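Subject: Structure handover

Hello,

Here is the structure I promised to pass on. Please open it, then read my notes beside it.

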Amino acid sequence: MPAPMRKLKGACVSVLLLLCITCVVATANADSRRYKRTVEKYTMPDVTLVNQDGKKVLFKSFMESDQPIVVDFIYGTCTTICPVLSAGYANLQKKFASGGQKLRLVSITIDPENDTPKVMKEYLKRYRAQPGWDFLTGTRADIDLVMRAFNAYIPDKMSHYPLNLIRSPKDGSWVRLFGIMSSREFMDEYLLVAGK
């Protein structure tokens, strides 16, 4: 092969190698966050739900707070996504408890036909939930209204997905976190919303 062709071939190989490295680095950076983050505005429905202690909760006013609120949708007999989401809540509570801070965590059932206050209380006990983590149920119609309000409606519990929402007390906006997060990512997102 003539020398100019060898130089051209070497230059092409170098450019291709550089492009491959750039693609790998870009892909690694894109994949480092395995969840999707958006900021949304939601209007809370004026419904009455029930917590794990059997107490009525006026949902709309319950969601209005001067501190961040974290919300997820789970059910008591779930063995897939819900334990992962609940472990995230437990870790978040534990980390903040060590600093003497309390969180407002709200889990809303997507299986109100089966998630009674007793079932929900036992579920929270499994995760060593501390005060400040409430599990809410209600009628199917009211739960559907809440799910639709958060753009999280699913036709049945088997098709649910990993979703956490964090309400900013500053402007009432919600950070929507779709996907599985590490404890560190969850903590960082919470601190970002809380402004700490």
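This is a predicted model: local features need pLDDT of at least 70, side-chain atom pairs count only at pLDDT 80 or more; totals for chains, interfaces and linings use all residues.

**Overall layout**

The protein chain has 196 residues, and 43% of them count as buried. It contains six helices and eight strands. Starting at the N terminus, the order of elements is α-β-β-β-α-β-α-β-α-β-α-β-β-α. Now take the contacts between residues at least 6 apart in sequence: 73% of them join residues at least 24 apart.

**The core**

In soluble globular proteins, nonpolar side chains tend to be buried together. In this model, the largest nonpolar core has 53 residues. F59, M63, V71, F73 and F150 have the most contacts inside it. Helix α3 (residues 81-97) gives this core its largest share, seven residues.

Look at V71 up close. Set aside its neighbours within four places in sequence. V71 then touches M63, Y89, V106, I108, F150, L163, N164, L165 and W174. Two of these partners, M63 and F150, are also among the residues with the most contacts in the core.

**Helix α3**

Helix α3 has 17 residues. From first C-alpha to last it reaches 25 Å, close to the 24 Å expected at 1.5 Å a residue. Its buried residues are I81, C82, L85, S86, G88, Y89, A90, L92, Q93 and F96. Y89 is also one of the contacts of V71.

What do the buried residues of α3 pack against?

- the strands β4 (69-74), β5 (104-109), β6 (133-136) and β7 (163-167)
- the helices α4 and α6

**Salt bridges**

The structure holds eight salt bridges.

Begin with E122 and K118. Their side chains meet in a salt bridge, at 4.0 Å from N to O. Why can these two meet? An α-helix has 3.6 residues a turn, so residues three or four places apart point the same way. E122 is partly exposed, with a relative accessible area of 41%. K118 counts as exposed, at 60% relative accessibility.

Next, R140 and D144. Their closest N and O atoms are 2.9 Å apart. Is D144 buried or exposed? D144 counts as buried, at 13% relative accessibility. The cut-off for buried is under 20%. R140 has 29%, so R140 counts as partly exposed.

Last, D188 and R184. Their side chains form a salt bridge at 2.8 Å, N to O.

Best wishes

Conventions
Residues are numbered from 1 along each chain as its sequence is written. Side-chain values use heavy atoms; hydrogens and water are left out. A nonpolar core is a set of buried Ala, Val, Leu, Ile, Met, Phe, Trp, Tyr and Cys residues joined through side-chain atoms within 4.5 Å. Buried means under 20% relative accessible area, exposed over 50%, partly exposed in between (1.4 Å probe, protein chains only). Helices (H or I, at least four residues) and strands (E, at least two) are DSSP runs, numbered from the N terminus. Contact means heavy atoms within 4.5 Å. The expected span of a helix is 1.5 Å times one less than its number of residues.
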